[in-house]
Amino acid sequence: MSGAGPGLPGRALVGFCAGLLHLPDADAAELAVAVDHFSAQLPAATRRALAAGLVAVDAAAVSLGGRRLGALAPDRRDQVLARLDRSPLGDLVEAVKVPVLLVHGARLAGPELAARNAGPAVRPDAALHVVEAAQWPDRRRTDVVVVGSGAGGALVARTVARAGLGTFVVEEGRRWPVEELRQRPALERFAGLYRDAGGTVALGRPPVVLPVGRGVGGTTLVNSGTCYRTPTRVLRRWQADHGLHLADPASFGAHLDAVEELVQVGPVPDAVMGANGRVALRGAAALGWSAHPLRRNAPGCGGCCQCAIGCPRNAKFGVHLNALPDACAAGAVIVSDARVERVLHGAGRASGIRARRPDGSVFEILADHVVVAAGATETPPLLRRSGLGRHPEVGRNLALHPALSAAGWFDEAVDPTTGVLQSAGVDELHRSQRILIEATSTPPGMGSMVLPGTGRLLAAQLERSRHLATLGAMVGDAPAGAVHGRQRPVLTYRLTAGDARRLLQAVVAMGQVLLAAGARQVLTGIPGRPTVSSVAELEQAAASADIRRMHLAAFHPTGTARMGGDPQTHPVDPRGRLRGVAGVTVADASVLPSCPEVNPQLTIMALARAVAEELVGALGG
Ligand SMILES: Cc1cc2nc3c(=O)[nH]c(=O)nc-3n(C[C@H](O)[C@H](O)[C@H](O)COP(=O)(O)OP(=O)(O)OC[C@H]3O[C@@H](n4cnc5c(N)ncnc54)[C@H](O)[C@@H]3O)c2cc1C
Ligand code: SF4
């Protein structure tokens, strides 16, 4: 193959594509070009690892089958790859499989997505005052500059702008009009809406895939829209253990109420629940477990199952459709496509920010108050490169709310991508074990990574994927990770034994729900025991599972600049002010003192709102 370009070894990639999906050579070559194109957007280290994996698998094929994968006859290639998948090299095969299946599935789903997106949006794009950095002057002054336009930044911008303060929001990503989300192929949306094309990973055993959004609206552009209020027990812990007076359940409840009203939270209507959610509710009912339709911020949701690649109907009510337009109506301006490089300060107080445009040029915004809301993975490096990250706890205490998935084969067609992407919650084990199960699908074509095996076996399962229901489970975790570095952060995460145990318990619980709902078989994600047919088999599989070989993902990083009363252990004070400098506030997921044990967007927004009110109060607004 000639088109793989630098980076991925072309022949090995074509051979792998052909073997993995039992494809004719010409189709495999076409797929390989698309995989290579996609991988070019991944972080260089990930691309290098992918290339090394392909080379290693191809070399192993030579040892086992006498030839490289691409040179073997199709049936022989099937055998060789299947044996490699069952060998100690299986983890490598599974790792390389992920991007190939993602690209393959997204390509195949193109026509279906185009058909789904043919109808009108439920609301037009909001009136936002966005100025691209290229059009922004080199120097401006204002009262408050907010770094990041996601869940936290948007709520701060709304509050301070409405208090009459001059407000500029600086955002690294760009604006995504709904028309573009409707027209663009799924893979381009995925690669564009996430930092590093979704390739963020927390290193560890196992590594944890940690996608983070980037754009005007931050991660709320790509999140699932699930809205949980912060559990009262978590708020009490934050009050008692972290001295966080803002977490008083009564006053914090008022912030949650206001946020719920702003983003229009309501339960998933039956009309868009989808069969995936109904499976979860049915299974839970059969077990006598507590379960419910999820509450979401998606008024007018049409159940097209694309939340994770930007809602093509403008139904999901991310902050680009409510808090940010409110802020702009009150005079705020959003500067997009600008990466803030430093918070400027001198003589112990903030004086603004310096940001870089895509062409490399820089501009400054001078302001006495800077609010950092770049998200839990980007706030620590920004503070460090600004000379404000000296507190030893900056970048530490990263909690991830790690997640695993399980899937069930059903006789009837479940059509997991027809309906809301995240639809029903099973909270039976939430209070006792901090395990929260949510019926979670993926955009059409983008969920095939859950299928085990290779070759004909995998291709046959792909044909039947309409019969597969998928659940996800998240575990409230210890703050076992860290964000290192000043520029591009390096993330590490050391899963604790207790959290590993509860993750495996979560797999068993998901399997129980699926089997109780009538699944014939459950896909466990457990290497060596990918498929089971009974609870007893499932428990056995979990008991012998090595969590270090499983595919963990996480979507809720928090805690890397936590707020609290103790100056030794909390870089940010209980009012949201960064310690050690005047005029810098932090208001994003990083300030959460610990994992909130639920999907965190409402908590982040409510805390940001509370912090912004403190700021306005301090400024006499
Ligand atoms: C796939 C997915 C699904 C999710 N689903 C849910 C869900 O259903 N419910 C829920 O409650 N939560 C969900 N979440 C999590 C939730 O969306 C996030 O926790 C929340 O958006 C984080 O808010 P934040 O303000 O901390 O950061 P973000 O919303 O990530 O915003 C940070 C912004 O800062 C910008 N930025 C970063 N660095 C710089 C810089 N140097 N200069 C300028 N700008 C910068 C980023 O580009 C980004 O736009 C999901 C997350 C993912 C990835
Ligand atoms: S399922 Fe998600 S993407 Fe589709 S309309 Fe509803 S909120 Fe939007």
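Q: Which residues come nearest to ligand 1?
A: Glu171, Thr219, Thr226, Val340 and Gln601 come nearest, out of 39 residues around ligand 1. A residue counts as near if one of its heavy atoms lies within 4 Å.

Q: Before we go on, what am I looking at, and how is it numbered?
A: It's a predicted model, where local features need pLDDT of at least 70, side-chain atom pairs count only at pLDDT 80 or more, and totals for chains, interfaces and linings use all residues. Residues are numbered from 1 along each chain as its sequence is written, chains are lettered from A and ligands numbered from 1 in the order in which they are written, and side-chain values use heavy atoms, with hydrogens and water left out.

Q: OK, what does the backbone of valine 340 do at ligand 1?
A: A backbone N or O atom of valine 340 sits 2.8 Å from a nitrogen atom of ligand 1. For glycine 225, a backbone N or O atom is 3.2 Å from an oxygen atom of ligand 1.

Q: And glutamine 422, how far is its side chain from ligand 1?
A: A polar side-chain atom of glutamine 422 is 3.4 Å from an oxygen atom of the ligand.

Q: How much of ligand 1 does the protein bury?
A: 97% of the 1000 Å² that ligand 1 exposes when taken alone. Those areas come from the Shrake-Rupley method with a 1.4 Å probe.

Q: Which elements give two or more residues to that shell?
A: Helix H7 (151-162), strand E11 (339-346) and helix H19 (601-618). Helices here are DSSP runs (H or I, at least four residues), as are strands (E, at least two), numbered from the N terminus.

Q: Switching to ligand 2, what's around it?
A: Of 13 residues, the nearest are Cys301, Gly302, Cys304, Cys307 and Cys311.

Q: How does that shell divide by class?
A: Into 7 nonpolar, 3 polar and 3 charged residues. Cys counts as nonpolar here, and Gly as polar.

Q: And the shell of ligand 1, by class?
A: That one has 14 nonpolar, 17 polar and 8 charged.

Q: New topic: how is the protein divided into domains?
A: Domain 1 is 10-108, domain 2 is 130-176 + 215-223 + 228-264 + 318-394 + 560-618, and domain 3 is 270-297 + 400-553. The bounds come from an automatic or database domain assignment.

Q: What separates the centres of domain 1 and domain 2?
A: 42 Å, taken over C-alpha atoms.

Methods. Polar contact = N/O pair within 3.5 Å; in protein donor to acceptor, adjacent residues only side chain to side chain.
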